[in-house]
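The following note sets out points on the model shown here.

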Amino acid sequence: MAAFLRSNLFLALAVAGAFAFAACGDDDPMDPDPEPMTGSLTVNVNADGSAASGVTVNLFPSGGTTATTSLVTGNDGAVTFANLDAGTWDVEVELPDGFELDTGEQARKSASVVAGQTATATFALVDTFDGELIMAQDNLTFSETSLTISAGTAVRWVNSGVMLHTVTPDGHSEWTSASLANSGDRFTHTFNTPGTYAYFCQPHQGQGMTGTIIVQ
Ligand SMILES: [Cu+2]
């Protein structure tokens, strides 16, 4: 009789363990302290209604001041924080040069993560850039090979293709080499000092992908 009870108890524990395994995906069904169940949080960043790539999104514990982690939006304007403990998290968007929050939008907001589900948060930005645009193009040229501007003007390079391009200073340190890895990635620099600033694309310098900014 005792053996019968013990075997039934074992069966019950085994069934309960198997259920816990199926429900939580825990590695060890007999683990007395299983990992908390987790969910995901996808953050979408739009600028003027279109996906905004290259935007840094910081993740904080609710009310926290130190970011748990940071991700940069890809071509789809989105990042996904995975394996988050269920509960409330804060996400904060870092505004790139030339971008502002849309009317009524906040730079930091809370999101409720539910185990086994993907929560979403959205940030709406407005592109207020009013400087000069230069496209880094997959035909291995910059759209403006020589651009003359007045001091105080901002120049933004945008990757209009899908190849990796860079905006690398040639013989000066007016800015630090910028990598435009993905379509839509951008780099903005404001020129305050008159002079001639040459630059090139590192992967395509040999094919003549170079440019010059003349600041008057
Ligand atoms: Cu290039």
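1. Tyr199 stands opposite Gly211 in β17. The strands concerned, β16 and β17, run antiparallel and are joined by six bridges; two strands are taken to pair if DSSP finds at least two bridges between them. Strands (E, at least two residues) and helices (H or I, at least four) are DSSP runs, numbered from the N terminus.

2. On the basis of the model: it is predicted, so local features need pLDDT of at least 70 and side-chain atom pairs count only at pLDDT 80 or more, whereas totals for chains, interfaces and linings use all residues. Residues are numbered from 1 along each chain as its sequence is written, and side-chain values use heavy atoms, with hydrogens and water left out.

3. Both β16 and β17 belong to an open sheet of five strands, ordered β11-β17-β16-β13-β14 with mixed pairing. The edges are held by β11 (146-149) and β14 (178-180); each has a single partner strand, so one side of each lacks a neighbour in the sheet. From one strand to the next, the twist averages 20° (axes are lines fitted to C-alpha atoms, for helices over the stretch in contact, and angles run from 0 to 180 degrees between N-to-C directions).

4. Which residues coordinate the copper ion? The donor atoms are ND1 of His165, SG of Cys201, ND1 of His204 and SD of Met209, at 2.0 to 2.6 Å. Donors are N, O and S atoms within 2.8 Å of the metal (3.2 Å for Na, K and Ca); water is not among the atoms, so sites may look incomplete. Along the chain, the donors of the copper ion follow the spacing H-x35-C-x2-H-x4-M. Of these, His165 lies in strand β13 (residues 165-169) and Cys201 in the loop between β16 (195-200) and β17 (210-215); the pair, 36 residues apart, links distant parts of the chain.

5. The geometry of the copper site is tetrahedral, with angles of 98 to 130° among the four donor atoms. Four donors count as tetrahedral if all angles lie between 85 and 135 degrees. The ideal angle for four tetrahedral donors is 109.5 degrees. His165 counts as buried because its relative accessibility is 0%, and Cys201 is likewise classed as buried at 0%. Buried means under 20% relative accessible area, exposed over 50% and partly exposed in between (1.4 Å probe, protein chains only).

6. Three salt bridges are counted, the rule being a side-chain nitrogen of Lys or Arg within 4 Å of a carboxyl oxygen of Asp or Glu. One of them joins the side chains of Asp90 and Arg108, at 2.9 Å from N to O. This pair links distant parts of the chain, with Asp90 in strand β6 (residues 87-93) and Arg108 in strand β8 (residues 108-113), 18 residues apart. Asp90 is buried at 6% relative accessibility, whereas Arg108 is partly exposed at 28%.

7. Another salt bridge pairs Glu105 with Lys109, their closest N and O atoms being 2.8 Å apart. Since its relative accessibility is 18%, Glu105 counts as buried.

8. A further salt bridge is formed by the side chains of Arg156 and Asp127 (3.1 Å, N to O). Arg156 in strand β12 (residues 153-159) and Asp127 in strand β9 (residues 118-127) are 29 residues apart, and the pair links distant parts of the chain.

9. Strand β7 (residues 99-101) runs antiparallel to β9, the two being joined by three bridges. By contrast, strand β1 (residues 38-47) pairs with β9 in the parallel sense over eight bridges, and there Asn46 stands opposite Ala124.

10. Strand β12, which holds Arg156, is also part of an open sheet of three strands in the order β10-β12-β15, with mixed pairing. The edge strands β10 (132-136) and β15 (186-191) each pair on one side only. Six bridges connect β12 and β15 in the antiparallel sense, and Thr153 stands opposite Phe191 in β15.

11. As to the chain overall, the protein chain has one helix and 17 strands. Of its 216 residues, 35% are buried. Among contacts (heavy atoms within 4.5 Å) between residues at least 6 apart in sequence, 59% join residues at least 24 apart.

Note on methods:
Tetrahedral: all angles 85-135°; square planar, octahedral: opposite > 155°, others 65-115°.
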